[in-house]
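Below is a short note on the disulfides of this model. Please read it with the coordinates open.

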Amino acid sequence: MAVANPTQTKAQPVAAGQSTNLTKRPQVAPAGTLREPINLTELRREAEKAAKELEDATKALEQRRAKIQASEKELAVKLRELQAAEKAFAEVRQPLSDLIGQLYQHPLGGDALFFLSGDADGSTLRALADVNQITAERSQVLDDGARLQAEKERLAGEAQELRAGNLLAEAQMNAEIQTLRERSSKIVKSLTQALVKLGVKVNRSGTPVGGCDPTRATSLGDFPNGLIPKAYLCPLQQQGNQLRADAALAFISLNEAYRRRFGKPMCVTDSYRSLAEQQSVYYRRPGFAAVPGRSNHGLGLAVDLCGGVERFRSMEFNWLEANSKKYGWMHPKWAYVSPFEPWHWEYDPKLGSLL
């Protein structure tokens, strides 16, 4: 492997408007402070972190709502039990009311005098027994009434506290989710602005490029190889070429490092290939292209390079071999031997996620 001359690795002059810190390692910010990301790798990491936090907060809100529904059901059961208790209380109270009505119509005064004089008969004894029953049942009714009233007050308090707590918790979580959404949007906007400064073409409206949002990269598994919609692909600085977002951001950073080393951007002959393009290449270059539908080009994770990299053990090839993994890119083992393709390089999402 050729060893680069130290004088050759010195950074080249930076053009006006071009970022000078795209390959610096992120610096650790003081605890509790918030700073702007300083390179594409950090922007990607911040975007992924924001998306993960938003996903977690949304799940937490859904779980909270599920708990609210469960507690509301439990409260409804308690309220039904309370209604049943009130009904039973009314049933207990009715005989007492009937008995009091009868005694009102037939007072015990005379019968009581007979009892006190020793001349009481059966009707007098029954009347006195009724009085005793009324007294006992009245005490029971009063006890039941006090218990039911306390139960009603407890349930009402629980219901009020539960609903107030649920409303407060949901409002707080909704505010947190909104904050996370705004943060995620701000990061994607910053990412777009950084790409524009590096010469990446965004849409004419200047709004953030959805295809360059790294949080959408994992959803590309929903699309078959070679059938990724254009809206999910991120353009490269090399016109007409595009990759999936995480691979594109890493390649753009790698391209800037390459530019500083060699004074020119990397030369790209091929990047994402649609299924139709894979079929065309497969039939034009048999043995030098994967079976259509199985190529990493169709996943937006591979590029074919020129400008010196295509020559095995050239200065450009050796530099890329030594530095590409710092950006998640590599020359796959199979490309060293079968088929031999020094120009073919791939992005490894697992490697890239560690950066």
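**Disulfide review**

1. Cys212 and Cys234 are both buried, buried meaning under 20% relative accessible area, exposed over 50%, and partly exposed in between (1.4 Å probe, protein chains only). The model is predicted: local features need pLDDT of at least 70, side-chain atom pairs count only at pLDDT 80 or more, and totals for chains, interfaces and linings use all residues. Residues are numbered from 1 along each chain as its sequence is written, and side-chain values use heavy atoms, with hydrogens and water left out.

2. The sulfur atoms of Cys212 and Cys234 lie 2.0 Å apart and form a disulfide, defined as a pair of cysteine sulfur atoms within 2.5 Å. This pair links distant parts of the chain, 22 residues apart: Cys212 sits in the loop between α3 (122–197) and β1 (233–235), and Cys234 in strand β1. Helices (H or I, at least four residues) and strands (E, at least two) are DSSP runs, numbered from the N terminus. The S-S torsion of Cys212 and Cys234 is about 85°, so this disulfide is right-handed.

3. Cys267 and Cys306 form a disulfide with their sulfur atoms 1.6 Å apart. It also links distant parts of the chain, joining Cys267 in strand β3 (residues 267–270) to Cys306 in strand β4 (residues 302–306), 39 residues apart. The link of Cys267 and Cys306 is left-handed, with -75° about the S-S bond.

4. How exposed is Cys267? Cys267 has a relative accessible area of 32% and is therefore partly exposed. Cys306, at 14% relative accessibility, counts as buried.

5. The count by this distance rule is 2 disulfides. With the bonded cysteines of the protein chain numbered in sequence order, the pairing reads 1-2, 3-4.
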